[in-house]
Amino acid sequence: VQLQASGGGLVQAGGSLRLRCVASGSIFSIRALGWYRQAPGKQRELVAVVTSDGSINYADSVKGRFTISRDNAKNTVTLQMDNLKPEDTAVYYCNGDIRGRSTAWYNYWGQGTQVTVSS
């Protein structure tokens with residue numbers, strides 16, 4: 001199982017970016033898909049997560065600006081980021097709770113994608 005993230009880049013404050021993550025491999029079921037971020041010198045933090053039943057949780061700092069969505073048929077999760085601020089600058093990581101061929105659930109991380117917001 002792999003998570004492949006894409007869509008980072010450089011944008012001015014107030015701009016928008018869209019991140020996309022695709023889960024691939026021998027996937028039987030996906031429980032939660034989400035995004036975390038890690039800024040230099042800081043701990044990795046949750047940005048947004050969506051569960052298989054559609055429940056969504058956002059970090060307070062991104063509420064009203066970021067929108068997470070999920071396509072269960074395509075095993076993808078998208079993070080639409082609007083009104084970006086310099087403090088959103090970080091490496092963004094896709095994360096998922098996935099069950100493959102076995103009955104066990106595992107937590108997977110995608111490679112990070114850099115988001116840089118200039119002031």
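Me: Does Thr113 count as buried or exposed?
Reply: This is a predicted model. In it, Thr113 has a relative accessibility of 10%. The cut-off for buried is under 20%, so Thr113 counts as buried.

Me: Which strand is Thr113 in?
Reply: Thr113 belongs to strand E11, residues 113–118.

Me: And what does Thr113 touch, leaving out residues up to four places away in sequence?
Reply: Its contacts are Ser6, Gly7, Gly8, Leu19, Ala90, Val91 and Tyr92. With Gly8, a polar atom of the Thr113 side chain lies 3.1 Å from the backbone nitrogen.

Me: New topic. How many aromatic pairs are there?
Reply: The count is two. One of them is Tyr36 with Trp109, edge-to-face, at 5.0 Å centre to centre and 65° between the planes. Tyr36 is in strand E4 (residues 29–38) and Trp109 in strand E10 (residues 105–109), so this pair links distant parts of the chain, 73 residues apart.

Me: Is Trp109 buried or partly exposed?
Reply: Trp109 is partly exposed, at 39% relative accessible area. Tyr36 is partly exposed too, at 24%.

Me: What about the rings of Tyr93 and Trp109?
Reply: Their centres are 6.3 Å apart and their planes stand at 90°, so that pair is edge-to-face. Tyr93 sits in strand E9 (residues 90–99), so the pair ties together parts 16 residues apart in sequence. Tyr93 counts as buried, at 17% relative accessibility. Tyr36, Tyr93 and Trp109 form one aromatic cluster.

Me: Last one: which residue lies over the face of Trp109?
Reply: Arg44, at 4.5 Å from the ring centre. Over the ring of Trp105 sits the charged end of Arg31, 4.3 Å from its centre.

Definitions and conventions:
Residues numbered from 1 in each chain as written. Predicted model: local features only at pLDDT ≥ 70, side-chain atom pairs only at ≥ 80, totals over all residues. Heavy atoms only, no water. Helix = DSSP H or I, 4+ residues; strand = E, 2+ residues; numbered from the N terminus. Buried < 20%, exposed > 50% of the residue type's maximum accessible area, 1.4 Å probe, protein only. Polar contact = N/O pair within 3.5 Å; in protein donor to acceptor, adjacent residues only side chain to side chain. Contact = heavy atoms within 4.5 Å. Phe/Tyr/Trp six-rings, centres within 6.5 Å; stacked < 30°, edge-to-face > 60°. Lys NZ or Arg CZ within 6 Å of the ring centre and 35° of its normal.
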